[in-house]
Amino acid sequence: MTTELRTPPRVSEGPSRRSDRALRRASGEARGRRLLRHVLLILAAMVMLYPVLWMVAASLRPTDEIFRDPSLLLDDIDLSNYADGWSALSHPFSVYLLNSMIVVIGSILGNLVSCSLAAYAFARLDFRGKRVWFAIMLVSIMLPVHVVIVPQYFIYSELHWVNTFIPLILPKLLATDAFFIFLMVQFIRGIPRQLDEAARIDGCGHLRIFAQVLLPLMVPALATTAIFTFIWVWSDFFTQLIFLTKPEKYTVPLAIRAFMDVSSGTNWGPMFAMSVVSLIPVFLVFLLGQRFLVRGIATTGGK
Amino acid sequence: MSALGELRALSRRSRRDGPRVRHRDNRAAYLFLLPWFAGLLFVTAVPMLASLYFSFTKFNLLQPPRFIGLDNFTRMFHDERLWAALRVTFTYVLVSVPLQLVLALLLAVVLDRGVRGLAIYRSVFYLPSLIGGSAAIAVLWKQIFGAEGLVNHVLAFFGVPGESWVANPSTALSTLITLGVWTFGAPMVIFLAALRQIPVEYLEAAEMDGAGRVRRFWSIVVPLLTPIIFFNVVLQIIGAFQSFTQAYIVSGGTGGPADSTLFYTLYLYTSGFANLDMGYASALAWLLVVIIGAFTAVNFWAAKSWVFYDD
Amino acid sequence: MTARFRRTVAASALAAVAVMLTACSDTTDSTSGEDGAITLTMTWWGNDTRLENTLAIIDAFEQAHPDITIEPTYSDYSGYWDKLATQTAADDTPDIVQMDEIYLSTYARQGVLLDLSALEDQFDLSGYPQSAIDSGSVDGTLYALASGAASYAFVANTGLFQQAGVEIPDDTTWTWDDFLALTKQLSEKGGGDYYGFASSFGYDEGSLRLWLREQGETLFDADGQVAASEDAVAGFFDYLTQLVENGSTPPASTLQEGQGVGLSETFLATNRVAIGSFWNSQLSALSDASGSPLQLLRFPESQGSDYLKPSSFWVGSGRTDHPEAVAQFIDFMVNSEEAADLQLTERGIPLNENVRAHIAPKLSEVDQAAVEYMDGLELGDAEPVTPPNGSQLVPILSRYAEQVVFGQTSPQDAAAGFLGELGDAIANG
């Protein structure tokens, strides 16, 4: 595993200085400490996971039993919620998954490209009004979405873009997620400047410095951006609610809410089942994506 | 402290070595910023200015806005619910942000290396953040902090009778703070990514010099991590001030019981959409911008004394 | 490469992106049509059961009117209003809209809604009592037709009554004092496993309105002003505190936990209280969730005070290009036997008496009980239409109810605060 890169075994230093007995005791202690760490981590993980497990358990029960029976244990496994939930709405649930996927992939590409370009300018270039622009960028994430969404809707409605994915993807292509710009700025500032200055002396232009020197070093930041964009866009309800109207364009969060109703009752079984289904892609992306975080070191550490 | 000084000196020395010509790269910068400028112009600025304009109007969404001067702003002074919202929000920010960041950093360091099954642990600890904003969380939270939830079952085991935590005005906010802290996955991932970026050579050099693990953490890892710690502090504060979804879902959109979980943006949203008073909501939004802006400015000012940049 | 050239390239790249994006966008206008074909957009709130019924009704309508196509949208209740307000702000109101009573006048007075009086020839209104027509009218103009109505009532879990060995009371003679004593007795029998009473009573509009009507008052008057007296509201809050202090309900925080939840999570549906308060149309959903036999009971002392709340209206957009088609659809929705067969009582018990008679034999036993309950009521005058901004009623009421239940405010102060805030909200409307 690449993780081990960071702590290479150092066989050569120990024995010359320490006695055998001390060494054995040390390794015993180390094993004890490792075990303790696992126990603590597993305990913490169980606390973290209880609600998630409860949701999975609930999705395997008939709706009318969910709130009568608080335990995690199942008498028998009932998969009918999954079957019902998948086909309960006007389109099969796969349509909503696909729509969400389109929006998410567009958003990730948009954020990766546009935010890293902007971050390079803010972190490495010296230009007029830099501090002011940077402040404006920060202010743009301080304004709550609820008051800008109405004027945004006006614009997109004029352009006939409502009910398309454009209002959801275009802003990402145009680096409006200042969170990620700032994140990448901080990462780039953590990369020694000598590297790009060396490249500049070799005659590289900014585009090459950015693409060939910095980008490879920013893999952890890019992976973070991709993962977060995935998760946040995947679970974003409000903007998708406002901008998408036709059921065939609905995304997963909209579809899941379609099981809920306060006055006539929520169909919890299918709702939990589809919530679990919608968690799977995110969980997988995280499992795979965090390997990229790890691969990041191979590049950084290898230099 | 001294470690930070050493690193600073080191980087200053290296900077003196290389020829560092100070010149402006306006043209290149604007090209790199082109998408962002376009976004600012088309996506961000117009709606922002529109909301600024709305803040001086009476605007119920169904009829065109009508200019009313500063009325929305003067109304704030007698709005008791606004003060309730500010109290709730400040409590949330001041308690949840430090807890969340400390927990995130701690687990990031633990999960950074050397434990078998790292990928699994990391994903498990991240899982809560995935469902933290989902519609199911209201129900899940009641399963834990409700009258017959997990917490009370555990308390009952020790013979302590417990009441509902989510539905009691004096404890409801604490359960939401817990929920906020529980979803510490985002800053943890950012810390993990940042830990990856620390050059191994630094740590190796320190280890050769005989620095122990704790010392290596404080004098190398932490200083090199300060830009990212700073990032997390700034953005977690901004995020906590804007915290909405969880309170919205758990309280059913009311901020109840008895306004005890009336987060600022929840109040703003209710004013704008439920009460159809987008003018007042916009005024509230700009007050929030001023508050968050002040916090952020203080953060940036303070950062000069503790954040270390290698450039 | 000159700087200027580079700039031009960048600019045209951006333009190209914009063109590409526009090209794949859907620019068809929802109401445009060639060769007489009409497309109407339509929106409602509700869960997937309602979705299934409604799509079937749309199909049936399209079969009967091949020249009209309906484009449906749906969402959950709270998101629904955010979206509708935003769409209305941008003049994008869907042609056909499901409307809640508490929002009706807010939208009607802004000129957003289609005047149905002018289209009266499109409707068969013979089966409607005058009160039903009035409830959809604002300032004398008919804007809305209700697909169904409901009446506020207590619901008793007869299974728990049996378990407690307590008789179901006679709901034509009981008093509020009887109710207090009965629910206390049930709580004592339950010994913590179940309680006598818990619901949104005190927090919701139905309980307040019915309470006030029993006092000879109404919450709003016909002019859209707040008409209830402080004493009457204080009495209502006071009764709520008595229920809690008396032990009729679970402890305050537990009672609070049952607020704002879906039907299937209410204490009655989970068999943890013997009595709850609901709209009678919710009976079948409650029985499904609880699995126990349930029975509707009238509010104590309610003879001549009961009223019907239209459970959901259909309205048209004032900006629609096809008012006749909209009217045809609404008529089909609320008056046709085909639509009634498909949705039965899912949107409330039909107000059109012909339709109600038509579906009666097709209903389940539980639904029939709900209809019989409603038919047996001695109704008072129709409840005045909620004035604009009256949708704030429930959030304000439940906030004061919370303060009362947790002892933060006295019933008298809460009543004053509630009426003051509600009056302000309406004056602001």
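Buried here means under 20% relative accessible area. By that cut-off, 60% of the 429 residues of chain C count as buried. The model shown in every view is predicted.

**View 1. Chain C, overall fold.** Chain C carries 17 helices and 11 strands. Of its 429 residues, 60% are buried. Take the contacts in chain C between residues at least 6 apart in sequence: 76% of them join residues at least 24 apart.

**View 2. The contact between chain A and chain B.** Chain A contributes 102 residues to this contact, and chain B contributes 102 residues. The size of an interface is often given as the accessible area lost when the parts come together. Here chain A and chain B bury about 9,600 Å² between them. Carbon and sulfur atoms account for 72% of that area. There are 10 residue pairs in polar contact between chain A and chain B, both residues being at pLDDT 80 or more. On the side of chain A that touches chain B, 72 residues are nonpolar, 16 are polar and 14 are charged.

**View 3. A salt bridge between chain A and chain B.** Side chains of opposite charge can pair when their charged atoms come close. Between chain A and chain B the count is one salt bridge. Arg200(A) and Asp25(B) form a salt bridge through their side chains, at 3.9 Å from N to O.

**View 4. Helix 10 of chain B.** This helix covers residues 185-197, 13 residues in total. At 1.5 Å a residue it should span 18 Å. The C-alpha atoms at its ends are 19 Å apart, which agrees. Of its 13 residues, 13 are buried, so helix 10 of chain B is largely enclosed by the rest of the structure.

**View 5. Asp259(B) with Arg81(B).** These two residues form a salt bridge, with the closest N and O atoms 2.9 Å apart. The pair links distant parts of the chain, 178 residues apart. Asp259(B) lies in the loop between helix 13 (245-250) and helix 14 (264-274) of chain B. Arg81(B) belongs to helix 5 (residues 80-110) of chain B. Asp259(B) has a relative accessible area of 10%, so Asp259(B) is buried. Arg81(B), at 17% relative accessibility, also counts as buried.

**View 6. Arg272(C) with Glu148(B).** The side chains of Arg272(C) and Glu148(B) meet in a salt bridge, at 3.9 Å from N to O. This pair crosses between chains. Arg272(C) sits in the loop between helix 10 (252-257) and strand 9 (273-279) of chain C. Glu148(B) sits in the loop between helix 7 (137-145) and helix 8 (150-157) of chain B. Arg272(C) has 21% relative accessibility, so Arg272(C) counts as partly exposed. Glu148(B) is partly exposed too, at 49%.

View 7. Glu205(C) forms a salt bridge with Lys309(C), the closest N and O atoms being 2.9 Å apart. The pair links distant parts of the chain. Glu205(C) is in helix 8 (residues 205-214) of chain C, and Lys309(C) is in strand 11 (residues 309-316), 104 residues apart. Glu205(C) is buried, at 9% relative accessible area. Lys309(C) is buried as well, at 12%. Both residues belong to a network of salt bridges, together with Asp100(C), Arg209(C), Arg213(C) and Glu383(C). Over all chains, the count comes to 18 salt bridges.

How values were computed:
Residues are numbered from 1 along each chain as its sequence is written. Chains are lettered from A and ligands numbered from 1 in the order in which they are written. This is a predicted model: local features need pLDDT of at least 70, side-chain atom pairs count only at pLDDT 80 or more; totals for chains, interfaces and linings use all residues. Side-chain values use heavy atoms; hydrogens and water are left out. Contact means heavy atoms within 4.5 Å. Buried area is the accessible area (1.4 Å probe) that two parts lose on being put together, summed over both. A salt bridge is a side-chain nitrogen of Lys or Arg within 4 Å of a carboxyl oxygen of Asp or Glu. A polar contact is a pair of N or O atoms within 3.5 Å; within protein, one must be able to donate a hydrogen and the other to accept it, and residues adjacent in sequence count only if both atoms are side-chain atoms. Ala, Val, Leu, Ile, Met, Phe, Trp, Tyr, Cys and Pro count as nonpolar, Asp, Glu, Lys and Arg as charged, and the others, Gly among them, as polar. Helices (H or I, at least four residues) and strands (E, at least two) are DSSP runs, numbered from the N terminus. The expected span of a helix is 1.5 Å times one less than its number of residues. Buried means under 20% relative accessible area, exposed over 50%, partly exposed in between (1.4 Å probe, protein chains only).
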